[in-house]
Amino acid sequence: MNFWEYLGNRHQQLLADASQHASAVFQCMVLATVIGVLIGVVTYRSDWAGNLATTATSTILTIPSLAMIGLLIPVVGLGVPPTVVSLTLYGLLPIVRNAIVGLRGVDPTLVDAARGIGMSRPMRLVRVELPLAWPPILTGIRVSTQMLMGIAAIAAYASGPGLGNEIFRGLASLGSKNALNQVLAGTLGIIILALLFDAGYVLIGRLTIPRGIRV
């Protein structure tokens, strides 16, 4: 059968895999964002701490994804746990780096003005520094999401959820009549999901970043 016939026959399974793929990436991005921003908040005021955080998360990103998942299987088992742990770790670097850069780039006079009107340190962070650092943080989130969309496909190696299962089934049956269709369907599905997520981030940016800051 041709590719379109394959999609017609397998659309329910493909939609289920796409839903699982999107859900896994979304949940891991939430975790990576929370952890990454917290690391940025804790380390941005110190050069050595910021460099240490960036170096540590950079080192994680150099570990091949297949090796990372393979190392996690004896620790957390198969399925969702190694997927969540590995994707969250891989998503940290752009968020940590951009959070540090964004927070360090806040105009000190604005922080001094907030201090002058009696804002406490946590209040200055929440109401002044983080909102002004939000554009680069959002950019880091977008970059992380695009990376994780592709890396999440490797989760199928550990019986994880998502479109990677379709790709792995196709690769495992190379030479059969539907092998190429399976690989192509999984790959195109991941690309479409990545584009949809990125469009969502563009919309979030327009809704949450004031026009003056965008300019």
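**View 1. Asp47 and Arg104 meet through their side chains in a salt bridge, with an N to O distance of 3.8 Å.** A salt bridge is defined here as a side-chain nitrogen of Lys or Arg within 4 Å of a carboxyl oxygen of Asp or Glu. Asp47 lies in helix H2 (residues 47-62) and Arg104 in helix H5 (residues 92-104), so the pair ties together parts that are 57 residues apart in sequence. Helices (H or I, at least four residues) are DSSP runs, numbered from the N terminus. Asp47 counts as exposed at 55% relative accessibility, whereas Arg104, at 37%, counts as partly exposed. In these terms, buried means under 20% relative accessible area, exposed over 50%, and partly exposed in between (1.4 Å probe, protein chains only). The model is predicted: local features need pLDDT of at least 70 and side-chain atom pairs count only at pLDDT 80 or more, while totals for chains, interfaces and linings use all residues. Residues are numbered from 1 along each chain as its sequence is written, and side-chain values use heavy atoms, with hydrogens and water left out.

**View 2. A salt bridge joins the side chains of Glu166 and Arg10 at 3.4 Å, N to O.** Because Glu166 belongs to helix H8 (residues 164-172) and Arg10 to helix H1 (residues 3-43), the pair ties together parts that are 156 residues apart in sequence. Glu166 is buried, its relative accessible area being 0%; Arg10 is partly exposed at 27% relative accessibility.

**View 3. The side chains of Asp198 and Arg142 form a salt bridge of 2.8 Å, N to O.** Asp198 is placed in helix H9 (residues 179-208) and Arg142 in helix H7 (residues 121-151), so this pair ties together parts that are 56 residues apart in sequence. Both partners are partly exposed, Asp198 at 21% relative accessibility and Arg142 with a relative accessible area of 29%.

View 4. By the rule given in View 1, the count comes to seven salt bridges.

**View 5. Thr43 is located in helix H1.** At 10% relative accessibility, Thr43 counts as buried. The side chain of Thr43 reaches the backbone oxygen of Ile39 at 2.7 Å. Leaving aside residues up to four places away in sequence, Thr43 touches Ala49, Gly50, Ala53, Ile100 and Arg104, where contact means heavy atoms within 4.5 Å.

Definitions and conventions. Helix = DSSP H or I, 4+ residues; strand = E, 2+ residues; numbered from the N terminus. Polar contact = N/O pair within 3.5 Å; in protein donor to acceptor, adjacent residues only side chain to side chain.
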